[in-house]
Amino acid sequence: MGADIIRKSSMILRRYSILFLLLILVIVASMLSPRFFTVGNFLNLLQQSSVIGIVSIGMTFVIITGGIDLSVGSILALAGMIVGILLKNGMAISLAIFITLVVGALLGGINGFITTKARVPAFLATLAMMVAARGMALLTTDGQPVFGLPSKFNVLGAGFLWGIPISGIIWILLTLITAFILKYSVFGRRLYAVGGNPEAAYLSGININKVIATTYIISGLLSAFAGIVLASWLTVSQPTAGNGAELNAIAAVVLGGASLSGGTGGVMGTFIGVLLMSIITNIFNLIGLSSYYQSIFMGVIIVLALVLNEFVVGGSEK
(Lines give C-alpha, C1' and ligand atoms only; values in the text may rest on other atoms or scores of the structure.)
Protein backbone atom coordinates (compact mmCIF):
# COMPACT_ATOMS: atom_id res chain seq x y z
CA MET A 1 0.00 0.00 0.00
CA GLY A 2 2.77 2.39 1.04
CA ALA A 3 4.93 1.45 -1.95
CA ASP A 4 1.96 1.98 -4.26
CA ILE A 5 1.39 5.49 -2.91
CA ILE A 6 5.08 6.34 -3.33
CA ARG A 7 5.05 5.00 -6.89
CA LYS A 8 1.93 7.01 -7.81
CA SER A 9 3.36 10.14 -6.15
CA SER A 10 6.58 9.70 -8.11
CA MET A 11 4.63 9.37 -11.37
CA ILE A 12 2.62 12.53 -10.65
CA LEU A 13 5.80 14.40 -9.76
CA ARG A 14 7.47 13.35 -13.01
CA ARG A 15 4.43 14.08 -15.18
CA TYR A 16 3.75 17.50 -13.74
CA SER A 17 7.27 18.45 -12.64
CA ILE A 18 7.36 21.46 -14.95
CA LEU A 19 4.11 22.82 -13.49
CA PHE A 20 5.34 22.26 -9.94
CA LEU A 21 8.52 24.12 -10.82
CA LEU A 22 6.53 26.99 -12.33
CA LEU A 23 4.34 27.22 -9.22
CA ILE A 24 7.36 27.23 -6.90
CA LEU A 25 9.02 29.92 -8.99
CA VAL A 26 5.92 32.13 -8.92
CA ILE A 27 5.73 31.82 -5.13
CA VAL A 28 9.42 32.61 -4.71
CA ALA A 29 9.16 35.57 -7.10
CA SER A 30 6.14 36.93 -5.20
CA MET A 31 8.10 36.73 -1.95
CA LEU A 32 11.16 38.41 -3.40
CA SER A 33 9.34 41.32 -5.02
CA PRO A 34 5.83 42.69 -4.35
CA ARG A 35 5.85 44.05 -7.92
CA PHE A 36 5.95 40.55 -9.42
CA PHE A 37 2.37 39.47 -8.77
CA THR A 38 0.71 42.33 -10.65
CA VAL A 39 -1.29 42.35 -13.88
CA GLY A 40 1.09 44.87 -15.43
CA ASN A 41 4.11 42.69 -14.73
CA PHE A 42 2.43 39.56 -16.12
CA LEU A 43 1.51 41.39 -19.33
CA ASN A 44 5.05 42.67 -19.57
CA LEU A 45 6.29 39.12 -19.02
CA LEU A 46 4.04 37.83 -21.78
CA GLN A 47 5.28 40.46 -24.22
CA GLN A 48 8.94 39.88 -23.38
CA SER A 49 8.56 36.12 -23.69
CA SER A 50 6.78 36.15 -27.04
CA VAL A 51 9.87 36.50 -29.27
CA ILE A 52 11.83 33.60 -27.74
CA GLY A 53 8.53 31.74 -27.38
CA ILE A 54 7.90 31.85 -31.13
CA VAL A 55 11.46 30.74 -31.85
CA SER A 56 11.10 27.88 -29.35
CA ILE A 57 8.04 26.50 -31.14
CA GLY A 58 10.13 25.86 -34.24
CA MET A 59 12.94 24.44 -32.11
CA THR A 60 10.44 22.01 -30.56
CA PHE A 61 9.60 20.57 -33.98
CA VAL A 62 13.29 20.08 -34.77
CA ILE A 63 14.17 18.51 -31.41
CA ILE A 64 11.24 16.08 -31.55
CA THR A 65 12.85 14.56 -34.65
CA GLY A 66 16.16 14.27 -32.79
CA GLY A 67 17.75 17.29 -34.51
CA ILE A 68 18.94 20.68 -33.32
CA ASP A 69 18.94 24.15 -34.88
CA LEU A 70 21.71 26.52 -33.79
CA SER A 71 20.91 29.09 -36.49
CA VAL A 72 17.63 30.44 -35.08
CA GLY A 73 19.17 33.50 -33.40
CA SER A 74 21.09 34.53 -36.52
CA ILE A 75 18.08 34.00 -38.80
CA LEU A 76 16.07 36.11 -36.36
CA ALA A 77 18.63 38.93 -36.65
CA LEU A 78 18.84 38.68 -40.44
CA ALA A 79 15.05 38.73 -40.74
CA GLY A 80 14.87 41.84 -38.60
CA MET A 81 17.41 43.57 -40.82
CA ILE A 82 15.65 42.53 -44.04
CA VAL A 83 12.23 43.73 -42.96
CA GLY A 84 13.76 46.94 -41.60
CA ILE A 85 15.60 47.72 -44.84
CA LEU A 86 12.57 46.93 -46.99
CA LEU A 87 10.31 49.14 -44.89
CA LYS A 88 12.88 51.91 -44.80
CA ASN A 89 12.85 51.88 -48.59
CA GLY A 90 9.09 52.37 -48.72
CA MET A 91 7.84 48.84 -49.32
CA ALA A 92 4.34 47.97 -48.08
CA ILE A 93 4.38 46.35 -44.64
CA SER A 94 2.57 43.18 -45.71
CA LEU A 95 4.89 42.61 -48.68
CA ALA A 96 8.02 43.27 -46.60
CA ILE A 97 6.85 40.76 -43.99
CA PHE A 98 6.02 38.19 -46.66
CA ILE A 99 9.44 38.47 -48.33
CA THR A 100 11.18 38.21 -44.96
CA LEU A 101 9.24 35.08 -44.06
CA VAL A 102 10.13 33.53 -47.40
CA VAL A 103 13.82 34.21 -46.74
CA GLY A 104 13.52 32.62 -43.29
CA ALA A 105 11.83 29.53 -44.70
CA LEU A 106 14.47 29.34 -47.45
CA LEU A 107 17.32 29.43 -44.94
CA GLY A 108 15.57 26.75 -42.90
CA GLY A 109 15.17 24.73 -46.10
CA ILE A 110 18.92 25.00 -46.73
CA ASN A 111 19.51 23.66 -43.21
CA GLY A 112 17.17 20.79 -43.96
CA PHE A 113 18.78 20.06 -47.32
CA ILE A 114 22.31 20.01 -45.93
CA THR A 115 21.23 17.82 -43.04
CA THR A 116 19.23 15.27 -45.02
CA LYS A 117 20.80 15.22 -48.50
CA ALA A 118 24.43 16.13 -47.77
CA ARG A 119 24.33 14.00 -44.59
CA VAL A 120 26.00 16.72 -42.54
CA PRO A 121 25.13 16.42 -38.84
CA ALA A 122 22.48 18.95 -37.83
CA PHE A 123 24.79 20.48 -35.24
CA LEU A 124 27.42 21.35 -37.88
CA ALA A 125 24.97 22.32 -40.63
CA THR A 126 23.07 24.76 -38.45
CA LEU A 127 26.28 26.01 -36.84
CA ALA A 128 27.50 26.98 -40.31
CA MET A 129 24.17 28.69 -41.00
CA MET A 130 24.41 30.50 -37.67
CA VAL A 131 27.75 32.02 -38.67
CA ALA A 132 26.68 32.78 -42.25
CA ALA A 133 23.32 34.35 -41.36
CA ARG A 134 24.90 36.52 -38.66
CA GLY A 135 27.48 37.66 -41.18
CA MET A 136 24.75 38.54 -43.68
CA ALA A 137 22.86 40.46 -40.99
CA LEU A 138 25.97 42.53 -40.23
CA LEU A 139 26.76 42.95 -43.93
CA THR A 140 23.37 44.43 -44.86
CA THR A 141 24.10 47.77 -43.18
CA ASP A 142 27.77 47.37 -42.32
CA GLY A 143 26.82 46.49 -38.76
CA GLN A 144 24.59 49.54 -38.24
CA PRO A 145 21.02 49.33 -36.88
CA VAL A 146 18.07 50.50 -38.99
CA PHE A 147 16.01 53.23 -37.33
CA GLY A 148 12.84 55.03 -38.30
CA LEU A 149 10.53 52.11 -39.06
CA PRO A 150 6.89 53.02 -39.83
CA SER A 151 4.66 53.53 -36.80
CA LYS A 152 2.02 51.13 -38.24
CA PHE A 153 4.62 48.37 -38.23
CA ASN A 154 5.08 48.96 -34.49
CA VAL A 155 1.58 47.60 -33.80
CA LEU A 156 2.63 43.96 -34.35
CA GLY A 157 5.25 43.90 -31.61
CA ALA A 158 4.21 46.70 -29.25
CA GLY A 159 0.45 46.97 -29.83
CA PHE A 160 -2.30 45.80 -27.48
CA LEU A 161 -5.64 44.10 -28.11
CA TRP A 162 -8.15 44.06 -25.23
CA GLY A 163 -5.31 45.18 -22.98
CA ILE A 164 -3.16 42.17 -23.94
CA PRO A 165 0.08 42.47 -25.97
CA ILE A 166 -0.57 41.45 -29.57
CA SER A 167 2.77 39.66 -29.71
CA GLY A 168 1.70 37.60 -26.70
CA ILE A 169 -1.61 36.75 -28.33
CA ILE A 170 0.21 35.63 -31.46
CA TRP A 171 2.55 33.45 -29.41
CA ILE A 172 -0.37 31.81 -27.59
CA LEU A 173 -2.28 31.21 -30.85
CA LEU A 174 0.78 29.73 -32.54
CA THR A 175 1.31 27.46 -29.54
CA LEU A 176 -2.29 26.22 -29.66
CA ILE A 177 -2.23 25.67 -33.43
CA THR A 178 1.06 23.79 -33.40
CA ALA A 179 -0.02 21.76 -30.35
CA PHE A 180 -3.06 20.66 -32.34
CA ILE A 181 -0.87 19.79 -35.34
CA LEU A 182 1.52 17.73 -33.21
CA LYS A 183 -1.23 15.82 -31.46
CA TYR A 184 -3.85 15.26 -34.13
CA SER A 185 -2.28 15.53 -37.58
CA VAL A 186 -0.52 12.86 -39.62
CA PHE A 187 2.52 15.11 -39.84
CA GLY A 188 2.65 15.37 -36.04
CA ARG A 189 2.55 11.60 -35.59
CA ARG A 190 5.29 11.21 -38.18
CA LEU A 191 7.50 13.65 -36.28
CA TYR A 192 7.32 11.53 -33.14
CA ALA A 193 7.82 8.35 -35.16
CA VAL A 194 10.95 9.72 -36.85
CA GLY A 195 12.36 11.01 -33.59
CA GLY A 196 11.49 7.90 -31.61
CA ASN A 197 12.72 5.23 -34.01
CA PRO A 198 13.92 6.36 -37.47
CA GLU A 199 14.41 2.82 -38.77
CA ALA A 200 10.91 1.75 -37.82
CA ALA A 201 9.54 4.98 -39.30
CA TYR A 202 11.38 4.29 -42.57
CA LEU A 203 10.14 0.70 -42.74
CA SER A 204 6.58 1.91 -42.19
CA GLY A 205 6.83 4.06 -45.32
CA ILE A 206 7.52 7.49 -43.84
CA ASN A 207 9.74 9.78 -45.93
CA ILE A 208 12.17 10.61 -43.13
CA ASN A 209 14.17 13.22 -45.08
CA LYS A 210 11.02 15.09 -46.04
CA VAL A 211 9.76 15.16 -42.46
CA ILE A 212 13.11 16.34 -41.07
CA ALA A 213 13.59 19.00 -43.78
CA THR A 214 10.10 20.32 -43.10
CA THR A 215 10.92 20.86 -39.43
CA TYR A 216 13.92 23.03 -40.35
CA ILE A 217 11.76 25.05 -42.74
CA ILE A 218 9.25 25.60 -39.92
CA SER A 219 12.07 26.58 -37.57
CA GLY A 220 13.51 29.07 -40.08
CA LEU A 221 10.07 30.49 -40.82
CA LEU A 222 9.22 31.03 -37.15
CA SER A 223 12.67 32.46 -36.41
CA ALA A 224 12.15 35.00 -39.18
CA PHE A 225 8.72 35.83 -37.80
CA ALA A 226 10.24 36.31 -34.34
CA GLY A 227 12.78 38.69 -35.89
CA ILE A 228 9.93 40.68 -37.44
CA VAL A 229 8.10 40.86 -34.12
CA LEU A 230 11.26 41.97 -32.31
CA ALA A 231 11.99 44.70 -34.86
CA SER A 232 8.39 45.85 -34.60
CA TRP A 233 8.54 45.90 -30.80
CA LEU A 234 11.81 47.82 -30.59
CA THR A 235 11.06 49.98 -33.70
CA VAL A 236 14.64 49.32 -34.77
CA SER A 237 16.41 46.49 -36.60
CA GLN A 238 19.58 45.31 -34.89
CA PRO A 239 22.11 43.01 -36.63
CA THR A 240 23.19 41.78 -33.20
CA ALA A 241 19.65 40.83 -32.15
CA GLY A 242 18.98 37.25 -31.11
CA ASN A 243 22.39 36.58 -29.59
CA GLY A 244 22.01 33.47 -27.46
CA ALA A 245 18.44 32.87 -28.64
CA GLU A 246 19.36 29.36 -29.78
CA LEU A 247 20.53 28.37 -26.29
CA ASN A 248 17.48 29.87 -24.63
CA ALA A 249 15.19 28.10 -27.08
CA ILE A 250 16.92 24.74 -26.60
CA ALA A 251 16.81 25.14 -22.82
CA ALA A 252 13.10 26.05 -22.92
CA VAL A 253 12.25 23.06 -25.10
CA VAL A 254 14.21 20.62 -22.92
CA LEU A 255 12.87 22.16 -19.75
CA GLY A 256 9.40 21.68 -21.23
CA GLY A 257 9.88 17.92 -21.38
CA ALA A 258 11.49 17.21 -24.76
CA SER A 259 14.42 14.87 -25.08
CA LEU A 260 17.45 15.86 -27.15
CA SER A 261 17.52 12.28 -28.44
CA GLY A 262 14.10 12.88 -30.04
CA GLY A 263 10.67 11.28 -29.91
CA THR A 264 9.25 13.24 -26.97
CA GLY A 265 8.14 16.76 -26.13
CA GLY A 266 5.46 19.22 -27.12
CA VAL A 267 4.86 22.92 -27.59
CA MET A 268 2.69 23.24 -24.47
CA GLY A 269 5.64 22.11 -22.37
CA THR A 270 7.87 24.48 -24.31
CA PHE A 271 5.43 27.32 -23.57
CA ILE A 272 5.83 26.71 -19.83
CA GLY A 273 9.59 26.30 -20.27
CA VAL A 274 9.81 29.74 -21.86
CA LEU A 275 7.70 31.22 -19.06
CA LEU A 276 9.97 29.64 -16.46
CA MET A 277 13.07 31.18 -17.97
CA SER A 278 11.35 34.54 -18.44
CA ILE A 279 10.19 34.57 -14.80
CA ILE A 280 13.74 33.92 -13.64
CA THR A 281 15.00 36.81 -15.75
CA ASN A 282 12.08 38.92 -14.54
CA ILE A 283 12.97 38.22 -10.91
CA PHE A 284 16.54 39.32 -11.46
CA ASN A 285 15.42 42.47 -13.22
CA LEU A 286 13.02 43.30 -10.39
CA ILE A 287 15.70 42.90 -7.73
CA GLY A 288 18.25 44.73 -9.92
CA LEU A 289 20.74 41.90 -10.43
CA SER A 290 23.56 42.49 -12.91
CA SER A 291 23.12 41.06 -16.42
CA TYR A 292 26.44 39.23 -15.94
CA TYR A 293 25.00 37.21 -13.09
CA GLN A 294 21.84 36.63 -15.13
CA SER A 295 23.91 35.02 -17.89
CA ILE A 296 25.66 32.78 -15.38
CA PHE A 297 22.39 31.71 -13.87
CA MET A 298 20.92 31.01 -17.30
CA GLY A 299 23.80 28.62 -17.91
CA VAL A 300 22.98 26.87 -14.66
CA ILE A 301 19.34 26.67 -15.75
CA ILE A 302 20.33 24.91 -18.96
CA VAL A 303 22.27 22.30 -16.99
CA LEU A 304 19.41 21.85 -14.53
CA ALA A 305 17.03 21.48 -17.47
CA LEU A 306 19.09 18.63 -18.85
CA VAL A 307 19.25 16.94 -15.45
CA LEU A 308 15.51 17.34 -14.94
CA ASN A 309 14.85 16.04 -18.41
CA GLU A 310 16.95 12.96 -17.74
CA PHE A 311 15.00 12.37 -14.55
CA VAL A 312 11.61 12.72 -16.23
CA VAL A 313 12.38 10.82 -19.44
CA GLY A 314 14.43 8.16 -17.67
CA GLY A 315 11.68 7.62 -15.14
CA SER A 316 9.04 7.32 -17.84
CA GLU A 317 10.98 4.63 -19.66
CA LYS A 318 11.28 2.39 -16.60
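Predicted model: local features only at pLDDT ≥ 70, side-chain atom pairs only at ≥ 80, totals over all residues.
## Helix 6

Helix 6 covers residues 122-140. At 1.5 Å a residue, its 19 residues should span 27 Å, and the C-alpha atoms at its ends are 26 Å apart, which agrees. The buried residues of this helix are A122, A125, T126, M129, A133, R134 and A137. Viewed down the axis of helix 6, these buried residues fall within an arc of 160°, so they line one face of the helix. The face turned away from the buried side carries the exposed residues V131 and L139.

Which helices are included in what covers the buried residues of helix 6? Helix 4 (72-88), helix 5 (93-116) and helix 11 (208-234) are among the covering parts. Helix 6 is followed by D142, which has a positive phi near 55°.

Helix 4 has 17 residues, which at 1.5 Å each should span 24 Å; its end C-alpha atoms are 24 Å apart, in agreement. Of these 17 residues, 15 are buried, so helix 4 is largely enclosed by the rest of the structure. Just after helix 4 comes G90, with a positive phi of about 90°.

Helix 2 runs over residues 17-32. Its 16 residues should span 22 Å at 1.5 Å a residue, and the C-alpha atoms at its ends are 22 Å apart, which agrees. The residues S17, I18, L22, L25, V26 and A29 are buried in helix 2.

## Helix 5 against helix 11

Two packed helices are described by the angle between their axes and the distance between the axes. For helix 5 and helix 11 the angle is about 145°, and the axes are 7 Å apart. The crossing of helix 5 past helix 11 is right-handed. On the side of helix 5, the contact is made by I97, T100, L101, G104, A105, G108, G109, N111, G112, T115 and T116. Helix 11 contributes N209, I212, A213, Y216, I217, G220, L221, A224, F225 and I228. How many residues of this contact are nonpolar, polar and charged? Eleven are nonpolar, ten are polar and none is charged.

I228, one of the contact residues of helix 11, is buried, because its relative accessible area is 0% and the limit for buried is under 20%. Leaving out neighbours within four places in sequence, I228 is in contact with V83, I97, T100, L101, F153 and L156. I228 and G84 are 144 residues apart along the chain, while their C-alpha atoms are separated by 8.4 Å.

## Two loop residues with positive phi

Most residues other than glycine have a negative phi, and most peptide bonds are trans. R119 has a positive phi, near 60°, and is a residue other than glycine. Its place is in the loop between helix 5 and helix 6. R119 has a relative accessible area of 60% and is exposed.

T235, also a residue other than glycine, has a positive phi near 55°. T235 sits in the loop between helix 11 and helix 12 (245-255). Is T235 buried, exposed or partly exposed? With a relative accessible area of 36%, T235 is partly exposed.

## Other single residues

L182 belongs to helix 8, residues 166-184. With a relative accessible area of 5%, L182 is buried. Not counting residues up to four places away in sequence, L182 touches F61, I64, G188, R189, L191, Y192, G266 and V267. The C-alpha atoms of L182 and V267 are separated by 8.3 Å, and the two residues are 85 residues apart along the chain.

V307 lies in helix 14, residues 291-317. At 53% relative accessibility, V307 counts as exposed. V307 and V254 are 53 residues apart along the chain, with their C-alpha atoms separated by 9.7 Å.

S204 is found in the loop between helix 10 (198-203) and helix 11. S204 counts as exposed, at 52% relative accessibility. The C-alpha atoms of S204 and S50 are separated by 37 Å, and these residues are 154 residues apart along the chain.

Terms used: Residues numbered from 1 in each chain as written. Heavy atoms only, no water. Helix = DSSP H or I, 4+ residues; strand = E, 2+ residues; numbered from the N terminus. Expected span 1.5 Å × (residues − 1). Buried < 20%, exposed > 50% of the residue type's maximum accessible area, 1.4 Å probe, protein only. Arc of directions from axis to C-beta. Contact = heavy atoms within 4.5 Å. Axes fitted to C-alpha atoms, helices over the stretch in contact; angles between N-to-C directions. Left-handed = near helix turned anticlockwise from the far one by under 90°. Nonpolar A, V, L, I, M, F, W, Y, C, P; charged D, E, K, R; others polar.
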